[in-house]
Amino acid sequence: MTDRPSARISSRKQPRQARSNELVQAILQAAVQVLAEEGAQRFTTARVAEKAGVSIGSLYQYFPNKAAILFRLQSDEWQQTTDLLRRILDDRTRSPFQRLRTLVHAFIRSECEEATVRVALDDAAPLYRDAPEAREAKEAGDPIFGNFMLEVLPHSTGTARKLAADLIITTMSAVGKEFSETPRRPAEIEAYADAMADMFCAYIRSMVDRGTS
């Protein structure tokens, strides 16, 4: 990409009126389309403004540069993942293993459905990944998974639980990303998610059986 990383990735201001909010949503929707159609290398504020049907000045009222738009798209995706984690893992009406299986299936389906934009966002990551806002947004879901691991592995040490959580999250993200880069049929997605969930559940059960300390 030709743009150099910018220290400023936060939006200039937050929309307070319905009309302003509609403008921001139009910009973000256009940004998704440009990213999907053009990729990260050709993503520019000018293309986004043109696609959204707004002036470049209107876009700059809310986003100081293209990194800010890309970060907003990425942080929205991270927020959706955090909401997914909370909705599934906090549901104590179901067993921990049922929740973990549900999470894996939901995550893999989401990865496949959003593969084009996600790959483009990964390509654009150098523009925003080292900013404090990015680290904070990405780590928002850590406490949710941490609480889940405490529930399922109450007799393990904090170090062991953190290792288990990191292994599951890293594997799910990395393998899910690679799997989703090829178009998949629904049956393939279900079979793959089942296999991954089996692996994670077996790993946790082995820790429980060993009484990991």
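This is a predicted model: local features need pLDDT of at least 70, side-chain atom pairs count only at pLDDT 80 or more; totals for chains, interfaces and linings use all residues.
Residues are numbered from 1 along each chain as its sequence is written, and side-chain values use heavy atoms, with hydrogens and water left out.

**Stop 1: helices α5 and α10**

Select residues 96-113, which form helix α5, and then residues 186-210 for helix α10. Helices here are DSSP runs of H or I with at least four residues, numbered from the N terminus. The two pack at an angle of about 140°, and their axes are 9 Å apart; axes are lines fitted to C-alpha atoms over the stretch in contact, and angles run from 0 to 180 degrees between N-to-C directions. The crossing of α5 and α10 is right-handed, a term for the near helix being turned clockwise from the far one by less than a right angle.

Now show the side chains between them. From α5, the contact (heavy atoms within 4.5 Å) includes F97, L100, V104 and I108. From α10, I189, A193, F200 and I204 are among the partners. By class, this contact has twelve nonpolar, one polar and six charged residues. Ala, Val, Leu, Ile, Met, Phe, Trp, Tyr, Cys and Pro count as nonpolar, Asp, Glu, Lys and Arg as charged, and the others, Gly among them, as polar.

**Stop 2: H105**

Stay on α5 and select H105. Is H105 buried or exposed? At 11% relative accessibility, H105 is buried; that word means under 20% relative accessible area, with exposed over 50% and partly exposed in between (1.4 Å probe, protein chains only). Leaving aside residues up to four places away in sequence, H105 touches E190, A193 and D194.

**Stop 3: the salt bridges**

D194 leads on to R101: their side chains meet in a salt bridge at 3.2 Å, N to O. The term stands for a side-chain nitrogen of Lys or Arg within 4 Å of a carboxyl oxygen of Asp or Glu. This pair links α10 and α5 across 93 residues of sequence. D194 is partly exposed at 33%, and R101 is partly exposed at 26%.

By this rule there are 15 salt bridges. Go next to E37 and K51, whose closest N and O atoms are 3.2 Å apart. E37 lies in helix α1 (residues 18-38) and K51 in helix α2 (residues 45-52), so the bridge ties together parts 14 residues apart in sequence. E37 is exposed at 53%, whereas K51 is partly exposed at 39%.

Then select D122 and K177, a salt bridge at 3.5 Å, N to O. D122 sits in α6 (residues 115-124) and K177 in α9 (residues 158-180), 55 residues apart.

**Stop 4**

The structure holds zero disulfides, that is, pairs of cysteine sulfur atoms within 2.5 Å. C201 is buried, at a relative accessible area of 2%.
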